[in-house]
There are 2 protein chains.
Amino acid sequence: MSGMKTGFVVTFILGLSVILPAQTVAPTPQLYSSQTIQNMRSIMRSALASDYAYRQTAYLSNNIGPRLSGSPQAERAVEYVADEMRKLGLEVRLQKLSVPHWVRGDEKAELVEFPGMAAGTTQKVVVAALGGSIATPNDGMTGDVVVVNSFDELTALGREKVEGKIVLFNNKFDREMAASGFGGNAYGQAVAYRGGGAIAAARLGAIAVLVRSAGGSQNRLVHTGAMRYDPNVTRIPAGAVSFEDAEAIAYLAKMGRVRLRLLMTPQTLPNATSYNVIADLKGSELPDEVVIVSGHLDSWDLGTGALDDACGVAVSMQVPYLLNQLKLRPRRTIRVIAWMNEENGSAGGTAYGEEQAANVSKHFAAIESDLGASHPLGILFTGKSEALPFFAPITAVLREHGAGIAQLQPGGVGSDIGPLTQKGVPSFAPYFDTRTYFNYHHTAADTFDKIDPKQLAESGSVMAVLAYALANLEQPIPR
Amino acid sequence: MSGMKTGFVVTFILGLSVILPAQTVAPTPQLYSSQTIQNMRSIMRSALASDYAYRQTAYLSNNIGPRLSGSPQAERAVEYVADEMRKLGLEVRLQKLSVPHWVRGDEKAELVEFPGMAAGTTQKVVVAALGGSIATPNDGMTGDVVVVNSFDELTALGREKVEGKIVLFNNKFDREMAASGFGGNAYGQAVAYRGGGAIAAARLGAIAVLVRSAGGSQNRLVHTGAMRYDPNVTRIPAGAVSFEDAEAIAYLAKMGRVRLRLLMTPQTLPNATSYNVIADLKGSELPDEVVIVSGHLDSWDLGTGALDDACGVAVSMQVPYLLNQLKLRPRRTIRVIAWMNEENGSAGGTAYGEEQAANVSKHFAAIESDLGASHPLGILFTGKSEALPFFAPITAVLREHGAGIAQLQPGGVGSDIGPLTQKGVPSFAPYFDTRTYFNYHHTAADTFDKIDPKQLAESGSVMAVLAYALANLEQPIPR
């Protein structure tokens, strides 16, 4: 997940006010045939026994690697997923997109003056450019560091104390909140500085902005991600520093002058051509009605994007694989989409929404998995509260296997399906234990080893059972 | 701690066979006067309330930074500690040493060929040279990677399959063992490859060696540390890769050819002059008898050596500070030593042992803290088992404040005091909860923020109470 759309998602959470405990509604034959319910159970068992998604996650992460929009790896990933879907007999098309093409360069930061510094030394600062940042001059830039904990503190300092300096936003990621299961909320708070820090600092004349990493890692890891410029405000270089470096700089700045040398040489190249991979398993009775299962294929460039979001793509790819294995054909079309450019532009989700504008009513439902692959705790749903009873039989099945699907939770779903969600398409996301997700997300440590095969299989069972059930629902979902 | 002396320490553990529960021996007046016991309680309370050690750890870590032997920061740290001890009125001398001067250079590794690789890409490998490694050619070297899990697997492959290649020792750090409180044992197993990997690989004609990081981190962090060459075996460049990269390379190598490009440009400069800082708080009655309290001042260069071992130096410095505050003068001399070069040569400990060879009997006891600063679980003791009852009153006092001093444990103590320990000087170390220590140790994440002020104060109370009690013991310790 990119974290740039949190405000947008919240809007939709507000559209729902009722959580309906699943057990109050018994499975009703008019929603799902007994054959469908039986098939859901088979799919669930097959998903839990399958290593298909695990192998696909491994391939995308280890064999292809980081997949930032416009990179050769992103293009290789498009080809790879398309080929794999063709192998399963799906009808595959590539939806052409124009995507940003930002490329990380060299990056180095060091403290060149601070209280107590040994003569002839500097102190290393672990830094990474934020996605979309402009470069510093090729020989770097040096400035005094001003440390603030919030936008308010920056405003209070005023132009006089900020002009010509490097601003460090030292806003603390709420690790306790994240450890309590509210990682998304903690991230939402922290990411405001990553997104808007450059504009706020430049408005007061800063020459560069650094943000404390917007994640929970305390392992000298930098959290990258998208940032914004304002056409009316000077663009300044924007980077993230590790938790540790933010702490050390804040400590030193309280004692005296801290000067930092910053070199970052990213480039924004002309937009590149890329693609959403769209693969249809045609429905047997209502082929024009579509249930989307999806994840995003692009990733940030520091790690290999295993959690964000190779695993989401893999569990989507696994849906037709399992149905093929079981020789099941859904009533409606199940459309696997591997979205491109979720992280820094949302070109894929936007273009699909535009292309399908006249066809929204044919989108029966949309699912996106973009919160890792931990133990699933439920299903997030954005739509009309009257629709909730329609999904109770699904959670009843999923609960049987111990993946812990306790209830449907209203809440924000994936940003790629957002344009559909906004137009009323019932939208879903698996809802995970995210207590550790934000320790790795957008860092160099988002790598394949973070995937637990059992938990990924549980996540895959949610995607497959949910997608099949929706594709076989006997009635339309209220919308 | 360097981890290069584990074999040596084990020798001494074997010298003891009895753990004496503290409660079986009541405090006896002939060991400690009632005034001494009362003073021990005051020292304990003062230590728990003091932030002196915390501020010193901060200064050494944040204001001075990484302190590898021969570096300007190491020299600055020598001056700093000497000045701080003089401020406390101690008699300070610098013991001159000749120390290795190894300097890290550029380092970069990438996979340039592997199964599935997107054309025109490479895959980043996070690498750091091991301390003492020679450099690669300035334009790097490229070779096929051979992955082995053990020395035995390497031997089984033989020269034919190893010659001209880059060997990756993929020996797994036992995280479960470490999480169960046996971090030192887990480390001891893993570090064998870091120390001896280059020799074993070069014997079979390898052109370079990489080892999976010898620590518990799973955050794309590299664990550096000392390695060895054999004068009779070709020297080859030696680096560590992160857990994640070792996992990915092992995965890819099972699928086909993996070629890696390695660049590391460390330099071994001529030996540098450095110093042990030796500061005496003269004893009131037996000034010629010495109780050493110590930690090592040098650190590895990736982090700022807060846990390894600024905190050990700081809790040692705090002992005279607290006694001054309380206007207490020990009967014997308390000698604070900030050792130099523990990590890559042990020049400090060795030189002190040689200098004091004729004076060993005057060393009443020696304490070194070099396992971080977590919650103290007890005290390690190396010496005669008959001596154990002499220390029971100390643990009885420390138990009162809830720092969790449950028992004396026989076991290995610090490597700098090793030459004294070997000659029979009763030797001690605080024994900590080390469950997280090896996740940070020798990595870029060994930084000040890892120090918990409360736990550091607890550690400081162990050092101060133990040192004062030994300095005031009414009888000699059996040796």
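**Notes on a predicted two-chain model**

1. Let's start in chain B, where strand S2 (residues 107–113) and strand S9 (residues 259–264) pair in the antiparallel sense over six bridges. Strands here are DSSP runs of E with at least two residues, helices are runs of H or I with at least four, and both are numbered from the N terminus. Two strands pair if DSSP finds at least two bridges between them. For one bridge in this pair, look at Glu113(B), whose partner in S9(B) is Arg259(B).

2. Before going on, some housekeeping: this is a predicted model, so local features need pLDDT of at least 70 and side-chain atom pairs count only at pLDDT 80 or more, while totals for chains, interfaces and linings use all residues. Residues are numbered from 1 along each chain as its sequence is written, and chains are lettered from A and ligands numbered from 1 in the order in which they are written.

3. Now zoom out to the sheet in chain B. Eight strands make an open sheet, ordered S3-S2-S9-S5-S6-S7-S8-S4, with mixed pairing. Strand S3 (123–125) and strand S4 (127–129) of chain B are at the edges with a single partner strand each, so one side of each has no neighbour in the sheet. From one strand to the next, the twist averages 35 degrees.

4. Two helices lie across strands in chain B. Helix H7 (residues 183–203) of chain B lies across strand S6 (166–169), strand S7 (208–212) and strand S8 (238–241), and runs at about 150 degrees to S7(B). Helix H8 (residues 243–255) of chain B lies across S3, strand S5 (141–148), S6, S7 and S8, at about 85 degrees to S5(B). Axes are lines fitted to C-alpha atoms (for helices, over the stretch in contact), and angles run from 0 to 180 degrees between N-to-C directions.

5. How do H3(B) and H14(B) pack? Helix H3 (residues 52–64) and helix H14 (residues 453–471) of chain B meet at an angle of about 110 degrees, with their axes 9 Å apart. H3(B) and H14(B) are therefore roughly perpendicular; that label covers 65 to 115 degrees, whereas under 35 counts as roughly parallel, over 145 as roughly antiparallel and the rest as oblique. Ala53(B), Tyr54(B) and Thr57(B) in H3(B) meet Pro453(B), Leu456(B) and Gly460(B) in H14(B). Contact means that C-beta atoms, placed from the backbone, lie within 7 Å. The residues of this H3(B)–H14(B) contact are four nonpolar, two polar and no charged. In these classes, Ala, Val, Leu, Ile, Met, Phe, Trp, Tyr, Cys and Pro are nonpolar, Asp, Glu, Lys and Arg are charged, and the others, Gly among them, are polar.

6. Over to chain A, which is divided into domain 1 (6–102 + 270–471) and domain 2 (105–265); the bounds come from an automatic or database domain assignment. The centres of these two domains of chain A, taken over C-alpha atoms, are 34 Å apart. Their contact takes 16 residues from domain 1 and 20 residues from domain 2. On the domain 1 side, helix H13 (residues 437–440) of chain A gives the most, with three residues.

7. Finally, the two chains touch: 32 residues come from chain A and 32 residues from chain B. On the side of chain A, helix H3 (52–64), helix H4 (72–87) and helix H8 (243–255) each supply at least two residues. By class, that side of chain A has 15 nonpolar, twelve polar and five charged residues.
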